[in-house]
There are 2 protein chains.
Amino acid sequence: MRLVIARCTVNYAGRLTARLPAALRLLIVKADGSVLVHSDGGSYKPLNWMSPPCRLAEEPGRWVVTGKSGETLTVHIEEIISDTAYPLGADPGLVKDGVEAHLQELLAAQPGVLGDGWRLIRREYPTAIGPVDLMCRDAVGVSIDAVEQLCRYVELLNRDPLLEPVGGVLAAQVITPQARTLAEDRGLRCVILDYDELRQAPRNDLTLF
Amino acid sequence: MRLVIARCTVNYAGRLTARLPAALRLLIVKADGSVLVHSDGGSYKPLNWMSPPCRLAEEPGRWVVTGKSGETLTVHIEEIISDTAYPLGADPGLVKDGVEAHLQELLAAQPGVLGDGWRLIRREYPTAIGPVDLMCRDAVGVSIDAVEQLCRYVELLNRDPLLEPVGGVLAAQVITPQARTLAEDRGLRCVILDYDELRQAPRNDLTLF
DNA sequence: TTGTTGATTTCGCAA
DNA sequence: TTGCGAAGTCAACAA
């Protein structure tokens with residue numbers, strides 16, 4: 001990992017074009033050749049960057065980074081304040097817990113929270129529109145689009161006389177008011193999930209299978 | 001901007017929890033207090049981070065960064081390889097060109113590409129569902145959700161006897177086959193846009209107004 | 001390889 | 001301030 005503090009201007013030409021006027025910035029060159037241009041504020045997102053795979057051609061006072069599909073990041077370096085490099089080695093990587101996949105797993109083990117007497121019928125149910133789990137669908141954040149999606153699936157399943165009547169339940173930690181309004185207007189039921197409750201509850205439902 | 005190269009472990013607790021095993025990494029502390037943990041590869045996204053506004057409490061061998069809504073990023077520092085700081089000052093910021101707003105502007109000036117005799121009626125048309133421009137809608141990438149959205153608006157407008165009959169046209173540079181199938185099934189017309197053509201064409205349509 | 005969806009999304013605009 | 005849609009989205013996962 002190479003760290004350069006420099007006064008520079010930056011040009012990007014790819015799907016869009018972007019320019020950065022001259023200023024003091026941090027330039028990061030990673031081991032895979034990717035380049036990041038950071039300012040002293042904003043979010044974790046760089047002002048400009050080039051993702052790997054890419055190639056860095058270094059000339060005096062100018063870096064030209066070329067990406068896989070021809071995008072170019074050009075850094076004009078006016079003054080170098082600092083230029084250091086450290087070998088960091090490979091990173092063991094991040095371990096996450098508590099994302100939607102995990103929530104769905106917990107919900108599949110405890111379908112009772114969706115309503116009294118509710119059970120898990122099928123987790124991956126293929127349909128003509130796309131492969132989904134219909135009987136126990138969940139989402140971390142439910143928007144108006146989620147309502148449309150659920151509505152499509154319910155409608156499709158009701159065309160099958162062997163399954164009909166099928167109802168839809170929107171189960172999520174957060175449901176926007178707009179989504180709730182639209183959902184209830186279309187006959188879908190809304191259930192707010194408590195992630196901590198799901199996690200702490202004993203998985204009695206598993207013994208039913 | 002403070003740059004620290006250190007062997008560290010990192011824990012994040014917020015909407016999710018995440019852990020990083022011990023490894024050599026770059027820690028960035030920006031002027032606004034935000035913290036970024038970068039490895040020597042991957043994308044421009046840090047392995048872990050804390051967005052501003054936040055507060056950094058530094059103890060020997062341990063950083064605790066607390067976010068606005070109580071999330072915490074804890075960095076256990078086992079060994080410091082380097083620790084430097086540079087004042088960079090404010091950044092003039094990025095100038096972009098060629099994104100969707102630009103495309104919509106071009107399309108508004110040349111509604112004829114949507115079909116013969118087509119005109120721009122209204123650009124920002126408020127509806128009960130939300131504020132949208134209905135008569136000349138465009139999108140850079142059209143997915144199945146865009147079809148649903150357009151369908152909602154067309155349906156809503158047709159309830160108004162003063163406007164009815166209203167038809168929908170899906171105009172975009174890219175329309176996925178799934179979206180096209182669904183759109184045509186619902187009576188929506190699909191038009192593929194050529195960005196370069198729109199940009200280069202003389203804006204004759206403007207003289208019509 | 002391609003397509004679809006989630007994200008500690010982030011970011012920008014508009015009401 | 002809040003809400004909504006785009007993003008050089010990226011990244012994980014399934015077909």
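Start where the chains meet: chain B brings 43 residues to the contact, and chain A brings 43 residues as well. Keep in mind as you look that this is a predicted model.

Now select the side of chain B that touches chain A. Elements that each supply at least two residues there include strand E1 (2-13), strand E7 (72-85) and helix H2 (144-158) of chain B. Which element gives the most to this side? Colour E2(B), which gives the most, with 9 residues. Colouring by class, you will find 23 nonpolar, 9 polar and 11 charged residues on this side of chain B.

Next, pick strand E8 of chain A, residues 95-97. This strand runs antiparallel to E2(B), and 3 bridges join the two. Zoom in on Val95(A), and you will find Arg19(B) of E2(B) opposite.

Step back and superpose chain B on chain A: a rotation of 180 degrees with 0.5 Å of shift along its axis does this, at an RMSD of 0.5 Å. The two copies are therefore related as by a two-fold rotation axis. Both copies use the same surface, as 100% of the contact residues of chain B recur in chain A.

Then go to the largest nonpolar core, which has 49 residues; Leu27 and Val35 of chain A and Leu27 and Val35 of chain B touch the most other members. Centre on Val35(B): beyond its neighbours within four places in sequence, its contacts include Leu27(B), Trp49(B), Met50(B) and Leu73(B).

Finish with chain A as a whole. Its secondary structure comes to 4 helices and 13 strands, and 28% of its 209 residues count as buried.

Notes:
Residues are numbered from 1 along each chain as its sequence is written. Chains are lettered from A and ligands numbered from 1 in the order in which they are written. This is a predicted model: local features need pLDDT of at least 70, side-chain atom pairs count only at pLDDT 80 or more; totals for chains, interfaces and linings use all residues. A residue is buried if 20 or more other C-beta atoms lie within 10 Å of its own, exposed if 12 or fewer, and partly exposed in between; C-beta atoms are placed from the backbone. Copies are superposed by least squares on the C-alpha atoms of residues with pLDDT of at least 70 in both. Two residues are in contact if their C-beta atoms, placed from the backbone, lie within 7 Å. A nonpolar core is a set of buried Ala, Val, Leu, Ile, Met, Phe, Trp, Tyr and Cys residues joined through C-beta atoms within 7 Å. Ala, Val, Leu, Ile, Met, Phe, Trp, Tyr, Cys and Pro count as nonpolar, Asp, Glu, Lys and Arg as charged, and the others, Gly among them, as polar. Two strands pair if DSSP finds at least two bridges between them.
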